[in-house]
Amino acid sequence: MSTHPDEATPGPPLILSLAIDRLRPRPDQPRKYFDLDALDELASSMARVGILHPLLVRVADGELGLYDIVAGERRWRAARKLGWDWLPVLVTAGDVDEISLIENLQRQELNALEEAGALQRLMDKHHYTQDALGRAIGRTQGQISSTLRLLTLHPDILKTYPQHERQISRSMLVELATIDEPERQMALWDRACQGSLTVRAIRAEKAGNAPTNPATAGLSSDKVTVALRHVDRTVTALEQLKVGPSGLTDGQRAHLAALSRRISALMG
């Protein structure tokens with residue numbers, strides 16, 4: 001007796017062709033950031049050669065006729081850009097979080113922080129140890145540990161990384177995550193975003209070795225960057241007070257004028 005796709009049970013996945021409006025993204029899927037240029041590239045590729053791999057979906061809870069996308073949301077988005085009406089899918093009834101993460105890892109569709117977040121959610125959901133999680137998804141305990149450590153990065157790094165993921169490698173993020181001082185971490189992050197930082201330079205800095213490569217010599221300015229961040233916060237605090245020249249005492253105006261002269265001297 002055949003099984004209706006809307007009553008999928010564990011076992012071999014069902015292969016279907018579904019109307020695109022019957023598919024919907026999962027709000028808790030691992031991938032959070034979609035590069036628009038990369039989506040355009042994918043759409044262009046699909047327009048030329050079609051879709052080479054079906055999406056992985058699961059029957060939506062309480063929504064008759066709808067399916068949640070377990071893996072393949074980028075292909076779904078690209079298909080919508082192309083105006084396609086149908087997509088090939090595999091219907092599964094397995095653990096959607098594990099399946100989604102493994103499929104994304106195999107296709108390398110997650111950035112480093114998305115992967116870290118997905119690993120943490122699986123640990124929280126199933127109360128996995130790092131070793132057990134590694135066995136479940138084919139990673140070593142050391143790989144799980146170094147990836148999860150990325151979640152300890154400064155909040156500003158976690159927020160702005162999606163705009164820089166193409167230029168900043170996973171290994172650089174891992175090295176930054178081993179730096180405990182937040183200000184120091186942010187100073188190095190600023191340099192990484194400017195393209196003037198290497199993994200070797202970070203390791204040399206942590207080891208206390210002065211960089212000899214001219215390309216990494218700029219690391220010596222990190223303390224200046226940290227100091228400038230303190231100055232910037234001070235100026236911002238003053239601005240938020242909305243104090244005009246008439247609201248300053250003579251001593252305060254003299255203090256600011258002296259600071260201005262010292263900054264001018266530093267700038268030459």
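Trainee: Why is Ile179 called buried?

Mentor: Ile179 has a relative accessible area of 8%, and buried means under 20% (exposed is over 50%, partly exposed in between, with a 1.4 Å probe and protein chains only), so Ile179 counts as buried. Please keep in mind that this is a predicted model, in which local features need pLDDT of at least 70 and side-chain atom pairs count only at pLDDT 80 or more, while totals for chains, interfaces and linings use all residues. Residues are numbered from 1 along each chain as its sequence is written, and side-chain values use heavy atoms, with hydrogens and water left out.

Trainee: Where does Ile179 lie, and what makes a residue one of its contacts?

Mentor: Ile179 sits in the loop between helix 8 and helix 9, where helices are DSSP runs of H or I with at least four residues, strands are runs of E with at least two, and both are numbered from the N terminus. A contact requires heavy atoms within 4.5 Å, and, leaving aside neighbours within four places in sequence, Ile179 is in contact with Arg184, Gln185, Leu188, Ile202 and Lys206. From C-alpha to C-alpha, Ile179 and Ile202 are 9.4 Å apart in space, although 23 residues separate them in sequence.

Trainee: How do you know whether Leu188 and Ala201 are buried or exposed?

Mentor: Leu188, found in helix 9, has 0% relative accessibility and therefore counts as buried. Ala201, whose place is in helix 10, is at 3% and therefore counts as buried as well.

Trainee: What makes Leu151 count as partly exposed?

Mentor: Leu151 has 33% relative accessibility, so it counts as partly exposed. Its place is in the loop between helix 6 and helix 7 (155–160), and Leu151 touches Ala116, Gly117, Gln120 and Leu158 when residues up to four places away in sequence are not counted. For one of these, Gly117, the C-alpha atom is 7.3 Å from that of Leu151, across 34 residues of sequence.

Trainee: Why is Asp68 called buried, and which residues does it touch?

Mentor: Asp68 has a relative accessible area of 16%, and is therefore buried. Asp68 belongs to strand 4 (residues 67–71), and among the residues it touches beyond four places in sequence are Arg24, Arg26 and Arg58.

Trainee: How do you know how helix 5 and helix 6 are oriented to each other?

Mentor: Helix 5 (residues 130–137) and helix 6 (residues 141–148) pack at an angle of about 110°, with their axes 8 Å apart; axes are lines fitted to C-alpha atoms, for helices over the stretch in contact, and angles run from 0 to 180 degrees between N-to-C directions. Angles under 35 degrees count as roughly parallel, over 145 as roughly antiparallel, 65 to 115 as roughly perpendicular and the rest as oblique, so helix 5 and helix 6 are roughly perpendicular to each other. In this contact, Gln130, Asp131, Leu133, Gly134 and Ile137 of helix 5 meet Gln141, Ile144, Ser145 and Leu148 of helix 6.

Trainee: What makes a set of residues a nonpolar core, and how many residues has the largest one?

Mentor: A nonpolar core is a set of buried Ala, Val, Leu, Ile, Met, Phe, Trp, Tyr and Cys residues joined through side-chain atoms within 4.5 Å. The largest has 21 residues, and those with the most contacts inside it are Leu150, Leu153, Met172, Leu173, Leu176, Trp189 and Leu197. Helix 4 (112–126), helix 8 (170–177), helix 9 (182–193) and helix 10 (199–206) each supply at least two residues of this core. A second, separate core of 16 residues includes Leu55, Tyr67, Ala78 and Leu87.

Trainee: Why is His127 called exposed, and what is its phi?

Mentor: His127, in the loop between helix 4 and helix 5, has a relative accessible area of 70%, so it is exposed. Its phi is near 55°, a positive value in a residue other than glycine. Most residues other than glycine have a negative phi. Gly83, which follows helix 2, also has a positive phi, near 75°.

Trainee: How much of the whole chain is buried?

Mentor: Buried residues make up 35% of the 268 residues in the chain, which has 12 helices and 5 strands.
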